[in-house]
Amino acid sequence: MEFNDDLFNSVKKKTNVSKEDLISIAGRLNEGNMKDKDTLSGIIQDLARLAGKDVSKEKEDKIIDLILKDKVPSNVDKFFK
């Protein structure tokens, strides 16, 4: 699937996350075992770093637990407040 560079430029302008970072994360999500705690932990930490946020070990464990149990809420934005 090809994306228009305008989309990536818009994301970068709003989040300061580059096209390359987004493609890298998407590739890891696509190729990775999303039921593997180490894979999930790495992706969570990378996303937190890219977003400029700190994620405590407790919050990371909670996120991983939700993903492993297929209980990720549809309103994920409220989870991070």
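Modeller: Let me begin with accessibility: a residue is buried under 20% relative accessible area, exposed over 50%, and partly exposed in between. Please bear in mind that this is a predicted model.

Colleague: Why is K35 called partly exposed?

Modeller: K35 has 45% relative accessibility.

Colleague: Which residue forms a salt bridge with K35, and what makes the pair a salt bridge?

Modeller: The partner is D70, and the closest N and O atoms of D70 and K35 are 3.0 Å apart. The criterion asks for a side-chain nitrogen of Lys or Arg within 4 Å of a carboxyl oxygen of Asp or Glu, so a Lys–Asp pair at that distance qualifies. D70 lies in the loop between α4 (57–68) and α5 (76–79), whereas K35 lies in the loop between α2 and α3, so the pair ties together parts that are 35 residues apart in sequence.

Colleague: Is D70 itself buried or exposed, and how do you know?

Modeller: The relative accessible area of D70 is 64%. Since the exposed class begins over 50%, D70 is exposed.

Colleague: What else is to be said about the backbone of D70?

Modeller: D70 has a positive phi of about 55 degrees, although it is not a glycine. A positive value also occurs at N16, a residue other than glycine, where phi is near 65 degrees. N16 is found in the loop between α1 and α2.

Colleague: Why is N16 called exposed?

Modeller: The relative accessible area of N16 is 60%. The threshold is over 50%, and N16 is therefore exposed.

Colleague: S18 is placed in the loop between α1 and α2. What makes S18 buried?

Modeller: S18 has a relative accessible area of 14%. Buried means under 20%, so S18 is buried. Its side chain reaches the backbone nitrogen of D21 at 3.1 Å.

Colleague: How many salt bridges does the model contain by the stated rule?

Modeller: The count comes to 6 salt bridges. One of them joins the side chains of D5 and K19, at 2.7 Å from N to O. That pair links distant parts of the chain, with D5 in helix α1 (residues 5–15) and K19 in helix α2 (residues 19–31), 14 residues apart. There is also a network of salt bridges that links K57, E60 and D61.

Colleague: How are D5 and K19 classed by accessibility, and why?

Modeller: D5 stands at 40% relative accessibility and counts as partly exposed. K19, at 30%, counts as partly exposed.

Colleague: Which residues outside its sequence neighbourhood does T39 touch?

Modeller: Leaving aside residues up to four places away in sequence, T39 touches R28, G32 and N33. T39 is found in helix α3. From C-alpha to C-alpha, T39 and R28 are 8.4 Å apart in space, and they are 11 residues apart in sequence.

Colleague: Why is α1 called roughly perpendicular to α2?

Modeller: The axes of α1 and α2 come within 9 Å and cross at roughly 100 degrees. Angles of 65 to 115 degrees count as roughly perpendicular, which makes α1 roughly perpendicular to α2.

Colleague: Which residues meet where α1 contacts α2?

Modeller: On the α1 side there are D5, F8 and V11, which meet K19, L22 and I23 in α2. The residues of this contact divide into 4 nonpolar, no polar and 2 charged.

Colleague: Finally, what makes F8 buried?

Modeller: F8, placed in helix α1, has a relative accessible area of 11%. The limit for buried is under 20%, so F8 is buried. F8 and L22 are 14 residues apart in sequence, and their C-alpha atoms are 8.4 Å apart in space.

How values were computed. Residues are numbered from 1 along each chain as its sequence is written. This is a predicted model: local features need pLDDT of at least 70, side-chain atom pairs count only at pLDDT 80 or more; totals for chains, interfaces and linings use all residues. Side-chain values use heavy atoms; hydrogens and water are left out. Helices (H or I, at least four residues) and strands (E, at least two) are DSSP runs, numbered from the N terminus. Buried means under 20% relative accessible area, exposed over 50%, partly exposed in between (1.4 Å probe, protein chains only). Axes are lines fitted to C-alpha atoms, for helices over the stretch in contact, and angles run from 0 to 180 degrees between N-to-C directions. Angles under 35 degrees count as roughly parallel, over 145 as roughly antiparallel, 65 to 115 as roughly perpendicular and the rest as oblique. Contact means heavy atoms within 4.5 Å. Ala, Val, Leu, Ile, Met, Phe, Trp, Tyr, Cys and Pro count as nonpolar, Asp, Glu, Lys and Arg as charged, and the others, Gly among them, as polar. A polar contact is a pair of N or O atoms within 3.5 Å; within protein, one must be able to donate a hydrogen and the other to accept it, and residues adjacent in sequence count only if both atoms are side-chain atoms.
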